[in-house]
Every structure is written in structure tokens, then in C-alpha cells.
Amino acid sequence: MFILEKLLAHFKLREHGTDVKTEVIAGITTFLSMAYILAVNPSMLAAAGMDQGAVFTATAVSAAIATIIMGVFANYPVALASGMGLNAYFAFTVVPMVSEMGITDPWKVALTAILIEGIIFVILSIFKFRETLVNSVPANLKYGISAGIGLFISIVGLKGAGIVSADPSTLVALGSIGTPQVVLAFVGLILIGIMWHFRIKGAILWGILGTWVLGIIAELCGWYTVNPDAGVYSLIPNFSSGILPPSLAPTFFKFDFGFVAEHFVSFAAIVFAFLFVDLFDTVGTLIGVADQGNLLNEKGELPNAGPALMSDAVGTVAGAVLGTSTVTSYVESTAGVAEGGRTGLTAISTAVMFVLALFLSPIFLAIPSFATTPALLFVGLLMMKSVLKMKFDGDIADVLGGFLALIMMPFTYSIANGIMFGIIAWVVLKVCTAKVKDIHPVMWVSFGLFVLRIITLVMGA
């Protein structure tokens with residue numbers, strides 16, 4: 001009873017209209033929605049020459065550390081882990097580029113860049129630059145960002161189940177709708193809808209688990225055919241390799257500071273790319289999760305944003321030391337928020353699951369992406385409600401900025417790009433409509449960073 005009272009007091013559960021059971025279920029839901037990173041990240045970084053087992057352990061431990069910090073000090077239901085997109089840049093851009101320079105173990109250079117990025121983020125968080133940025137984004141852009149993230153994670157879900165696929169003539173096309181992955185993903189979505197209608201607690205979590213169980217049945221019946229060469233893996237947990245987590249030794253504190261001195265300009269460009277994407281991905285994610293959970297105050301600001309952003313920065317430093325790519329806030333946290341998660345206890349529950357995953361990896365790694373597709377689609381639906389808060393008349397800077405933030409996230413497959421186009425349009429229109437006084441200094445700095453980013457993209461092309 002004493003522990004329960006302490007939890008209620010620290011996380012302010014009553015003030016947020018929630019309870020321990022709801023928060024724990026929300027945390028587990030968030031974990032299951034993002035557990036794919038425990039399979040994807042080690043595989044991706046192994047392609048860059050790193051030890052796959054060590055990366056798995058580093059991914060889980062860094063996620064747990066950053067998420068605990070988020071839950072305890074920021075009291076937000078946001079989970080963190082090695083970011084998708086950032087790990088692809090790590091493995092398929094930075095490592096090959098450094099390798100061409102004749103550097104042995106180029107992945108150590110990438111880890112060094114992430115360490116420096118994390119330290120810069122810590123400094124920016126101390127001076128409240130990132131906090132000011134989050135709270136300076138205009139309301140219409142905030143709502144556009146939230147709705148855009150809803151579309152973005154919907155596309156992530158659709159792609160994960162093979163419901164949509166790339167097509168050279170139409171960009172995207174309908175996938176093979178007769179596959180078990182597609183059929184079961186839609187069945188799972190319908191199940192969540194039914195449970196949501198009848199207000200069943202944990203509807204999204206049960207949707208994920210139910211879809212996975214149906215997949216196991218499909219595999220046992222021979223409908224779902226395992227083919228690792230095609231990326232189709234068994235859905236049945238395999239404990240043959242044991243339950244002890246792999247050693248961190250191959251990746252722990254493996255940096256190459258010599259490269260920094262010899263190739264400073266190239267190294268600075270690598271750091272900037274990591275810094276840029278992570279900075280605005282995190283801002284967008286926090287805004288989206290906060291809006292979904294009604295955590296923004298009456299001014300549209302995110303209270304206690306400083307500790308939230310610091311957890312992201314510390315997580316990145318910890319990840320680099322342990323041996324994994326940039327740790328960032330996860331948009332899949334909205335799945336837990338949709339289940340009622342409102343406080344840091346949700347984050348703590350997710351962190352505990354990451355710790356358990358170290359010893360129960362066969363179970364968590366067996367959950368396929370198509371089982372999380374129903375959750376991502378349903379959360380995408382819930383986040384689209386932010387469109388109703390947007391104003392489509394009045395100040396054209398707010399209107400067009402919010403619209404671009406909304407559409408550019410899914411259509412460029414990047415949260416950071418959506419924010420970039422939204423803020424650039426907003427600042428330019430404010431200048432052109434003689435409303436320069438409305439532009440906060442931090443927005444000017446962001447505008448400058450975005451312009452610099454566009455220049456580097458053009459030059460890179």
C-alpha cells in the first residue's frame with residue numbers, strides 16, 4: 001500500500017486520471033509496438049561490421065536507460081530506443097563513406113559521431129534551446145505535426161505488413177493482399193476496432209498479441225511459410241540458443257578519435273546529419289505524443305520539456321558508449337498513450353520490458369511486424385483527430401505551414417522533413433506578410449538550420 005501511494009504521488013496518477021494497471025498495460029503496448037527494433041537494429045548494424053549479439057544487448061540496455069530517465073524525471077509516457085532511419089544512415093551511408101577512406105572498423109567513427117552528437121544535445125538541453133524550440137512551434141504547426149505523424153506511422157504499419165509496396169510508376173501500390181501477413185494484419189485491425197467499441201482495456205495490446213497468435217496458427221497449418229531468404233521468419237519462439245544476453249565487449253566504448261583530427265570537415269558533416277535528423281524527429285515525436293495524450297498546456301506548450309529532452313540526449317550518449325546508433329524518442333509511444341498511458345509510469349513499464357527482453361529475446365524477436373501493423377494503423381487513426389484542431393483560414397503562415405508539416409511527413413517518409421518544410425514556409429510567409437515580430441529567435445535559428453540542411457542535400461545530390 002505504501003509503494004502504491006508513492007507511485008500515485010510521484011507520477012501524479014490521480015491528477016492525470018489514470019491508475020497503475022492502465023499505465024502498465026500502456027507501457028507493455030508501447031514496448032510491443034516498438035520491439036521490432038530489437039531485431040532490426042542488430043541486423044542492420046551487423047551489416048556495417050558490428051557484432052550482432054552485442055548490438056542487441058546495447059539496443060535493449062540503452063533503451064531501458066533512456067526510457068527510465070524519461071519516466072522518472074520528465075514523467076512522460078514516452079519510450080526511447082535506437083532510431084529507425086538514423087541506424088540506416090549509420091550503416092549504409094556513414095560506414096561505407098568512411099570505409100572508402102581506408103579506415104579500419106569504420107563503424108567506430110560512426111559511434112564517435114553519435115557520442116559527439118549526444119554531448120551537443122546535452123549542452124543544448126542545459127541551455128534550454130531544444131525546450132524553447134518545442135514550445136515556440138505555432139499551434140497550427142503542432143497539430144499538423146501530430147496529424148502528420150499519424151499518417152507517417154500508418155504508412156510504417158502498412159509497409160511492415162506488405163499492404164503497400166513501392167512501385168516505379170505510381171510510387172506506391174497495393175501489395176499482395178492474399179498473403180497471411182496482409183490478411184492477419186487486417187483481421188487484427190478489426191479485432192482492435194471491436195474491442196475499442198466495447199471499451200475493453202488493452203484493446204491495442206490484445207490486438208498485437210492476437211494477431212501474433214493467429215500467425216503462429218497459420219504457420220502450424222502451413223499457410224504462413226517460413227523463408228528467411230525472403231525475410232519471412234518463424235513466429236514460434238526459439239530458445240535453443242539460451243536466455244543469457246550476449247556480451248557488450250565487442251562494441252563497448254569503441255571510438256575512433258583519430259579520425260576526428262585527420263578528417264575534421266568530413267566528421268563535422270556526419271555529426272551535423274545525425275544532429276539535424278534527431279533534433280527535429282524528437283521535437284516532432286514529443287509534440288505528437290503530448291497532443292495525443294492531452295499533455296500540452298492551455299498555451300499549447302509542453303510542460304517539463306527540459307527533462308524529456310535531456311533523457312533523449314543522455315540516451316544517445318549511453319547508446320554510443322554501449323555500441324548502438326542514435327537513441328531517440330519513439331513515435332510508437334502513441335500506442336501506449338492510446339491505451340490510456342499518461343505518466344512516466346508507462347515509460348517505466350516499457351523500460352522494464354526492455355530489461356526482460358534481454359533474457360526473453362526469443363519471445364520478443366518472434367513478434368512480426370505485421371502483428372504491430374493493426375496497432376500502428378489504429379493509433380494513426382486516433383492521431384488524425386488533431387486535424388480537427390487545425391485552422392484552415394486566418395493567418396496564411398499558420399495554415400500553409402501546418403498543411404506542409406501534415407503532408408510532407410508521410411510523403412517523404414520523414415518526421416524531420418515534415419517539420420522542415422512546415423517551419424520554412426511559416427517563416428517565409430511571416431516575413432512576406434510583414435509579421436516578422438511574430439517570429440521567435442529560436443524559430444529563426446531553426447529556419448537557418450533547415451536552409452543549411454537543404455543546401456547540404458542539394459550539394460550531396
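Me: How many residues does helix H13 have, and what distance does it reach from its first C-alpha to its last?
Reply: Happy to start here, and bear in mind that this is a predicted model. Helix H13 covers residues 305-322, which is 18 residues. At 1.5 Å a residue the expected span is 26 Å, and the helix comes close to that, with a first-to-last C-alpha distance of 26 Å.

Me: Is H13 largely enclosed or largely open, and how many of its residues are buried?
Reply: A residue counts as buried when its relative accessible area is under 20%. H13 is largely enclosed by the rest of the structure, because its buried residues number 14 of 18.

Me: Which residue follows H13, and what is its phi?
Reply: The helix runs over residues 305-322. After H13 comes Gly323, with a positive phi near 115°.

Me: What kind of pair do Tyr224 and Phe370 form, and how far apart in sequence are the parts they tie together?
Reply: The structure holds nine aromatic pairs. In one of them, the rings of Tyr224 and Phe370 have centres 6.1 Å apart and planes at 45°, so this pair is tilted. Tyr224 sits in the loop between helix H10 (203-221) and helix H11 (257-262), while Phe370 belongs to helix H17 (residues 369-383), so the tie joins parts 146 residues apart in sequence.

Me: Are Tyr224 and Phe370 buried or exposed?
Reply: The cut-off for buried is under 20% relative accessible area. Tyr224 comes in at 6% and Phe370 at 2%. Tyr224 is therefore buried, and Phe370 is also buried.

Me: What kind of pair do Trp444 and Phe447 make?
Reply: Both residues lie in helix H20 (residues 441-460), three residues apart, or about one turn of the helix. Trp444 is partly exposed at 34% relative accessible area, whereas Phe447 is buried at 19%. Their ring centres are 6.1 Å apart with planes at 90°, so the pair is edge-to-face.

Me: Which residues do ring pairs link into a cluster?
Reply: The structure has nine aromatic pairs. Ring pairs join these residues into a cluster: Phe252, Phe253, Phe255 and Phe257.

Me: What is the volume of the largest cavity, and which classes of residue line it?
Reply: Searching the whole structure turns up one cavity of 30 Å³ or more. Its lining consists of Tyr76, Pro77, Val78, Leu286, Val289, Ala290, Leu295 and Leu302. By class, that is eight nonpolar residues, with no polar and no charged ones, around a volume of about 30 Å³.

Me: How many disulfides does the structure hold?
Reply: A disulfide would need two cysteine sulfur atoms within 2.5 Å. Among the cysteines, Cys221 is exposed at 65% relative accessible area, and Cys432 is exposed at 61%. The number of disulfides is zero.

Me: What distance separates the C-alpha atoms of Asn294 and Arg342?
Reply: Asn294 lies in the loop between helix H12 (264-292) and H13, and is exposed at 60% relative accessibility. Along the chain, Asn294 and Arg342 are 48 residues apart, yet their C-alpha separation is 8.7 Å.

Note on methods:
Residues are numbered from 1 along each chain as its sequence is written. This is a predicted model: local features need pLDDT of at least 70, side-chain atom pairs count only at pLDDT 80 or more; totals for chains, interfaces and linings use all residues. Side-chain values use heavy atoms; hydrogens and water are left out. On a 1 Å grid over the protein atoms alone, a cavity is a set of points where a 1.4 Å probe fits but cannot get out, and a pocket is an open set with protein on both sides within 12 Å along at least five of seven lines; lining residues have an atom within 4 Å of a point. Grid points are joined across faces, edges and corners, and a volume is the space filled by probe spheres set on the points. Ala, Val, Leu, Ile, Met, Phe, Trp, Tyr, Cys and Pro count as nonpolar, Asp, Glu, Lys and Arg as charged, and the others, Gly among them, as polar. Buried means under 20% relative accessible area, exposed over 50%, partly exposed in between (1.4 Å probe, protein chains only). Helices (H or I, at least four residues) and strands (E, at least two) are DSSP runs, numbered from the N terminus. The expected span of a helix is 1.5 Å times one less than its number of residues. Rings of Phe, Tyr and Trp (its six-membered ring) pair if their centres lie within 6.5 Å; planes under 30 degrees apart count as stacked, over 60 as edge-to-face and the rest as tilted.
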